[in-house]
Amino acid sequence: MSPHQVEFAERLSRIEAKAATRSVTFFVGLDETHVIERSPRGRPASRSRPSPMALPLAFTLGCAAYAAGLYARFRLDEAVPVLDPQRDMLVSLLAGLAIAYMIGQMDGLDRSRLRFAKVVGVLVSALAFHNLVHVYPSTFAEMFSDQWVASVIETTAPGSIAWQGSSIVF
């Protein structure tokens, strides 16, 4: 073999060693091609499944986002939130969804399955958050106000679902 052929063979062996994980076609001369097939591997990391704790965490994040939105609205408005139940419920839902979306973007919980769990968490909190006020009135009186707690206890029944100003008791 001539020195040029030896150098070319060495170059081919180096390229083959680097390309062991991908399918590559080399063109050698005018008519000859050399194909290196990809070696079988596992799924890429981007397509892996979320951890088993991701769904409960996303649901809890949705619940916490609704509570944070309700608290922020109370602090910004400084008003009793049951003046117009339909408007109040809609604004609280939108605030909770916006907060859940922003937090989900920050911590990587933004896949479609996890978005659905966050939305369900916000909806469950919107329907049943007042039950926590019935169970822990003193805690919520410290966070919100005595007037707010009294209005929630007066307008909703314990152990119920609140829907646009009416309570559905189970």
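Where is serine 167 found? Serine 167 lies in strand β4, which covers residues 166-169. The account below starts with the chain as a whole and then turns to single elements and residues.

## The chain as a whole

This is a predicted model. The protein chain holds six helices and four strands. In sequence order the pattern is α-β-β-α-α-α-α-α-β-β.

The chain has 170 residues, and 30% of them are buried. Its accessible surface is about 11,600 Å². Carbon and sulfur atoms account for 62% of that surface. Contacts can also be sorted by separation along the sequence. Among those between residues at least 6 apart, 55% join residues at least 24 apart.

## How α3 and α4 pack

Two packed helices are described by the angle between their axes and the distance between the axes. The axes of α3 and α4 come within 10 Å. They cross at roughly 145 degrees. The crossing of α3 and α4 is right-handed. On the α3 side, the contact is made by Met89, Leu93, Gly96, Leu97, Ala100 and Gly104. On the α4 side, Lys118, Val119, Val122, Leu123, Ala126 and Leu127 make it.

## A nonpolar patch on the surface

Five residues deserve a look together. Leu90, Leu94, Leu97, Val119 and Leu123 form a nonpolar patch on the surface. Together they have about 410 Å² of accessible area. Helix α3 spans residues 85-107 and α4 spans 112-135; each supplies at least two residues of the patch. The most comes from α3, with three residues.

Leucine 97 sits in helix α3. Leu97 belongs to the patch, and Leu97 is also among the α3 residues in contact with α4. Is leucine 97 buried or partly exposed? Its relative accessible area is 33%, so leucine 97 is partly exposed.

## Isoleucine 99 in α3

Isoleucine 99 is also placed in helix α3. Its relative accessible area is 19%. Buried means under 20%, so isoleucine 99 counts as buried.

Which residues does isoleucine 99 touch, beyond those up to four places away in sequence? They are Ala65, Ala68 and Gly69. Isoleucine 99 and alanine 68 are 31 residues apart along the chain. Their C-alpha atoms are separated by 7.8 Å.

## Valine 133 in α4

Valine 133 is found in helix α4. Valine 133 counts as buried because its relative accessibility is 0%.

Leaving aside neighbours within four places in sequence, valine 133 is in contact with Phe140, Trp148, Val149, Val152 and Ile153. Take Val149 from that list. Valine 133 and valine 149 are 16 residues apart in sequence. From C-alpha to C-alpha, they are 6.8 Å apart in space.

## Serine 167 in β4

Back to the opening residue. Serine 167 belongs to strand β4. With a relative accessible area of 27%, serine 167 is partly exposed.

Serine 167 touches Thr155, Thr156, Ala157, Ser160 and Ile161, not counting residues up to four places away in sequence. Alanine 128 is 39 residues from serine 167 along the chain. The C-alpha atoms of serine 167 and alanine 128 are separated by 9.9 Å.

How values were computed
Residues are numbered from 1 along each chain as its sequence is written. This is a predicted model: local features need pLDDT of at least 70, side-chain atom pairs count only at pLDDT 80 or more; totals for chains, interfaces and linings use all residues. Side-chain values use heavy atoms; hydrogens and water are left out. Patches are made of residues with over 30% relative accessible area and no salt bridge: like charges are joined within 9 Å, nonpolar side chains (Val, Leu, Ile, Met, Phe, Trp, Tyr) within 5 Å. Accessible areas come from the Shrake-Rupley method with a 1.4 Å probe; for residues, only the protein chains shown count as cover. A salt bridge is a side-chain nitrogen of Lys or Arg within 4 Å of a carboxyl oxygen of Asp or Glu. Buried means under 20% relative accessible area, exposed over 50%, partly exposed in between (1.4 Å probe, protein chains only). Contact means heavy atoms within 4.5 Å. Axes are lines fitted to C-alpha atoms, for helices over the stretch in contact, and angles run from 0 to 180 degrees between N-to-C directions. A crossing is left-handed if the near helix is turned anticlockwise from the far one by less than a right angle, and right-handed if clockwise.
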